[in-house]
Each structure stands twice: as structure tokens, then as C-alpha cells.
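Dear colleague,

Please find below the structure that I am handing over to you, with its sequence. My notes on it follow directly after.

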Amino acid sequence: MLTAQQQAVVACASNLKRGEILKVEACAGSGKTATLVEIARANPQTRFLYLAFNKAIVQEAKTRFPPNVKIFTTHGLAYMWYRYTYGSERLHTISPGFKAIELQSLLPKASPKELNQALTAFRQFCQSGHSKVPDAAAAVWEAVQDGRLPLTHDFYLKLWQLHGKPRFRNHDCVMLDEAQDTNAVTLALFLDNDCSKIVVGDRHQAIYGFRGAVNALATLKADYNLHLSYSFRSTQAILDRANYFLQRYATDRANLHAMISKADPTRLPGGQAILARTNAQLIKQLAEATEHGRGQYRLLRTAESIFSLPLSVLALQQGKLDAIRPECAWLKRFKNAGALTDYAEDIADTELKSCLNLIHEWGPQLPTLYPQAQHLYGNQQATIDLATAHCAKGLEWQQVTLCRDFMDLKEEFKQLKGKQKGARLNPEQFEQELNLYYVAVTRAGSMLTDFSPNNRTFVRRRTKC
């Protein structure tokens, strides 16, 4: 049974003319994908293209949508275009990306800071909707183009946006899901066609700004704007907490639609999860889990994805270069750990600096924790999942525990509003932290245990701040 809001979305989508855009703001657990499925079922003669955020969403969507919907990621479409246009030879050696230090042979006279500036300009251009390569990115762009540097996923996506026309000519309507996590190049691809368009997402689940994502829901001008504010996942007690923090701190709080629970108590999600904000806290939870018997825990990310860089940096510190993992071979370019630390400071590499802090706290225990973490990944006997909030996005559990490392939103907002010198976050970073907490809270169906500083703020919300 569709709600009145869902029925309005289906009706509007069914009457879209070519070139028109319908934007749907859908809160956490509002059944946005189910609504898109109903749109496709209500219009069996319409040829839909559904653009998903990642492969996992694609695989799930293929089990739900009717045959008149083709389902891809934007990278998947760009990959096929590149293979058809340029052949498949270079696709066998795609790089996930570069580190600034790996550009030394290309720009031998450049300082680490200058190398990072060139790399940043290249990444920003690949993620942008612009058509002209900026001078700062030209050397890296040309090196990738002529094969002196490996092909990257961002590069062939950008190349498709620049040269792959006409696009979507075999479709009548394009659906863009998780629009809050798109980037400018994907948005340009989505808009540059004469199909009707449906863009769906939750602007408050935008948590990938550090990857260059832009919140299309906040910037895109649409012909029709509708909302899905009923949650089928969470009880009202959970939503009240999420509503409170959004209404108090979100930049668009004057236009917020409060979330209302439509959850069926007999059909709430099951299971338990412990969610951390950072990998460092996740590793701490792993250490505590192994002390209490690891059999009941399951790690949602591979141990390699969490430990590969820290273990490789630890190997560099210990002078054991052979122990550096292949995916971190770039670390061998540094003479010692001190040079790596200086490099991280010079280019303000937050990931690397976080890793160095992690080693400072957990270094001696990492080699022991790593094999234990390997056993926890995919543990089928587990009853409690361990994950970061970023990894948990799109998932749900009956019971969720939030770790202590989520930022104190009240304190950060006070510093930001007062423009204090000690403020750690700019407005965009604060919004990302608010969204991350919102995502974490709304993973819970009926029970939330919150050890973060925000719990104190929520409990005391009736007193004057």
C-alpha cells in the first residue's frame, strides 16, 4: 500500500514530459527505491534507465525492478563506452588512483606540495562538469591519456562526459538514485540529454564530501519538487532524535519536513550493530570484541581495507620494506617514517595523518589484531555487526550502538556560530558531521544506545542551552 506521498510521486512521474525533472526528497527508510519500482510498474511502455551509486545497489535493484528498466552505475556505462571506443587493453590495469609522491617521475622538479596541487587539480577536473582541462591538471591528464600513467576510473568517466555523445538515446526517462552522493561530472551526464528525469535522495545523507561528492538535491533546479517524509524503518522515538538534531543544526532547517514513523512493529529490521565514526575507533572496538569472545561479531569491511595502510606504514617505521603491501608500494619512495610524516604535513593528507595517529595509539597491537579481524569479516555465526557509519549507509538493524567518537554537534556548532579561533570545522565540514550522525541514528529500527556526546545534548534538550 503506497502512502499519499508515494502516490503523488508515481502520478507526477507518469506525466513527465521529455526534458522535465522531478526531484524527490526522501528521508531515511522512506521506501524511495520501492517508489521508483512502482513508477516503472505503472508505466510499462516507458524505457527507464536507473543510475545507481555502486555495484551493490545495482545487484539489489536488478532483483526488484521490472524488465522495462535498465540498471547501471555511471562508471559501468562509461566503462562500456571506453571499451567500445578505445578497446580493452588499458582496462586490464586500471588504477584506483594516485598518490602525489607517484608523480615524481612525471614532474621531477616539483616539491611534494606542488605534486599534490597537480594531483588535486586532476582529481577536481575529473569530478567536475567542466569541459576544459585546467593548466594545473594538464600534465597529469596528458600522462594518463597517452599511457604514461595508468588509467583511472575517474578518468574514463570524465572522458565519457566530454566525448561520449549521444547518451541515453535508447531511454525515455533516467532515474538518478542517491543523488545526494553524486558529483558534478555525474550530474552533468545525468542532465545532458533530452529524456525526462527523476532524481531521488536525502540531502541529509550526504556524507561523501571528502570524495568530491556534491549534493545534487540542494543545487538542482527541478520542474516538480516532492517529499517522502514517512519512515518505514524506524520507530518515532528514533526519528524524534534525528528530527531534533536536523531542526537544530541543519542549514535548511527552515524548510525541513519532520520525519514521521510508519513502521510496522511486526516488520522492523532485525540484528544488532556497533557503529563507529572512524577506523581508529573501529579498531578499538575490534580489540574489545576479541577480549569478550569474537564469535558473536562480524566485520562488514574486509580486514585488508582497514589494516593495509596502517600495517604498511608500520613496516616502513620498522625498516621492513618487504612487508609493505603491494597496494601501498608508493610508501617505498620514502627514506624513513620521518620523511613520510613530513610529507603528510606538507600536503595536508588527512587520511595519512589519521593513519599515523592510529599507529601512534595502536601500532604494537596491529599485527595481532589483523588476523583476528580477518576471522571476523563475513562471520556467519555472528549476532553483532561492526562497521563505520560510512560503511553502514544503506543498511539497517533493530538495535544500534553508536561509539563515543562522533563529534559533539552542540559544541562544534557553538564554536562555528561564534567564529571562534578554536573551531575545528568549516560550515561544509560541520554539515558532513551532522549528516553522518543522522545516518548513524537512522540505521536503528527500535533501539538506539548512544555513547556519543550528542546523547547528553538530546537528553537535556528541554533545558535552556
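Helices (H or I, at least four residues) and strands (E, at least two) are DSSP runs, numbered from the N terminus.

The model is a predicted one, in which local features need pLDDT of at least 70 and side-chain atom pairs count only at pLDDT 80 or more, while totals for chains, interfaces and linings use all residues. Residues are numbered from 1 along each chain as its sequence is written, and side-chain values use heavy atoms, with hydrogens and water left out.

In α10 the buried residues are I238, L239, R241, A242, N243, Y244, F245, L246 and Y249. Here buried means under 20% relative accessible area, exposed over 50%, and partly exposed in between (1.4 Å probe, protein chains only). The elements against which these buried residues pack are β7 (230-231), β8 (260-261), α17 (409-417), α18 (427-441), β13 (444-450) and α19 (453-459). Contact means heavy atoms within 4.5 Å.

S231 belongs to strand β7 and is buried, its relative accessible area being 0%. With neighbours within four places in sequence set aside, S231 contacts C27, A28, G29, S30, L239, I260, S261, K262 and A263.

**Aromatic rings and charges**

There are 22 aromatic pairs in the structure. Rings of Phe, Tyr and Trp (its six-membered ring) pair if their centres lie within 6.5 Å; planes under 30 degrees apart count as stacked, over 60 as edge-to-face and the rest as tilted. One of the pairs is F125 with W141, edge-to-face at 5.2 Å centre to centre and with 80° between the planes. Because F125 lies in helix α5 (residues 112-126) and W141 in helix α6 (residues 135-145), this pair ties together parts that are 16 residues apart in sequence. F125 is buried at 3% relative accessibility, and W141 is buried at 6%.

A cluster linked by ring pairs consists of Y244, F245, Y249, F406, F413, F430, Y437 and F458.

Two arginines are placed over rings: R167 has its charged end over W160, 5.7 Å from the ring centre, and R325 lies over the face of Y370 at 4.8 Å from the centre. The criterion is NZ of Lys or CZ of Arg within 6 Å of the ring centre and within 35 degrees of the ring normal.

**Nonpolar cores**

The largest nonpolar core has 87 residues, of which F122, F307 and L340 touch the most other members. Such a core is a set of buried Ala, Val, Leu, Ile, Met, Phe, Trp, Tyr and Cys residues joined through side-chain atoms within 4.5 Å. Helix α12 (residues 303-317) gives the most to this core, nine residues. Residues up to four places away in sequence aside, F307 touches I283, L286, L366, L369, Y370 and A373. Another core, of 38 residues, lies apart from the largest one and includes A213, F245, A273 and A389.

**Strand pairing**

Strands β9 (residues 272-276) and β12 (residues 397-402) pair in the parallel sense over four bridges, with Q272 opposite Q399 in β12. The pairing of β12 with β13 is parallel over five bridges, and V400 has L448 of β13 as its bridge partner. Two strands pair if DSSP finds at least two bridges between them.

With kind regards
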